[in-house]
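Try each task before reading its solution.

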Amino acid sequence: MNSLLFRTAAPLIVATMLVFSVYICLRGHNEPGGGFIGGLIAASAIAVYGMASGVPTVRRALRLDPMAIAGFGVVLAGLAGLMSIFIDAPFLTSIWLYLDLGETVVPLSTPLFFDIGVYLVVVGGFTSIALALEERERD
């Protein structure tokens, strides 16, 4: 897209969408949302950036191949499910750990890591598709 207004507004739009996608991902295991919806929002943000700046600029900004991001997400989600083996429970049983940091208690859970893994799979997969389509359109 060759619009000065779009190219100028795109970084602000992308930054807002990425922050919102992380918020949606992190609140998802307690409220509506989660890794899949957050990942779709993030992949959409990256697609908007690709339309505004071009695919080579997006690939340089990502620094990693989108499919490598998706692969890491699959591994993370799988490991989150396998953690239940250590407590002799069925696959994908939730495990909660509470870190006491003095005045603050931080809850960590396997559903959180599973959601982050799904988020990375969706971001990597859909970003790869969007960038491939954008490259074909410009050729």
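This is a predicted model.

**Exercise 1.** Check whether the end-to-end distance of helix 4 agrees with its residue count.

Solution. Helix 4 covers residues 66–82, which is 17 residues. The expected span is 1.5 Å times one less than the number of residues.

**Exercise 2.** Work out how the buried residues of helix 4 are arranged around its axis.

Solution. Start with the list: P66, I69, A70, G73, L76, A77, A80 and G81 are buried. Now look down the axis of helix 4. These residues fall within an arc of 135°, so they line one face of the helix. Then check the other side, where F72 and V74 are exposed.

**Exercise 3.** Classify the packing of helix 1 against helix 2.

Solution. Take helix 1 as residues 4–27 and helix 2 as residues 35–53. Their axes are 8 Å apart, at an angle of about 170°. Angles over 145 degrees count as roughly antiparallel. Therefore helix 1 is roughly antiparallel to helix 2. Next, sort the residues of this contact: 17 are nonpolar, 4 polar and 1 charged.

**Exercise 4.** Decide whether S21 is buried or exposed, then list its contacts.

Solution. Locate S21 in helix 1. Its relative accessibility is 0%, so S21 counts as buried. Set aside neighbours within four places in sequence. S21 then contacts G38, I41, A42 and Y119. Among these, G38, I41 and A42 are in the part of helix 2 that meets helix 1.

Definitions and conventions: Residues numbered from 1 in each chain as written. Predicted model: local features only at pLDDT ≥ 70, side-chain atom pairs only at ≥ 80, totals over all residues. Heavy atoms only, no water. Axes fitted to C-alpha atoms, helices over the stretch in contact; angles between N-to-C directions. Helix = DSSP H or I, 4+ residues; strand = E, 2+ residues; numbered from the N terminus. Parallel < 35°, antiparallel > 145°, perpendicular 65-115°, else oblique. Contact = heavy atoms within 4.5 Å. Nonpolar A, V, L, I, M, F, W, Y, C, P; charged D, E, K, R; others polar. Buried < 20%, exposed > 50% of the residue type's maximum accessible area, 1.4 Å probe, protein only. Arc of directions from axis to C-beta.
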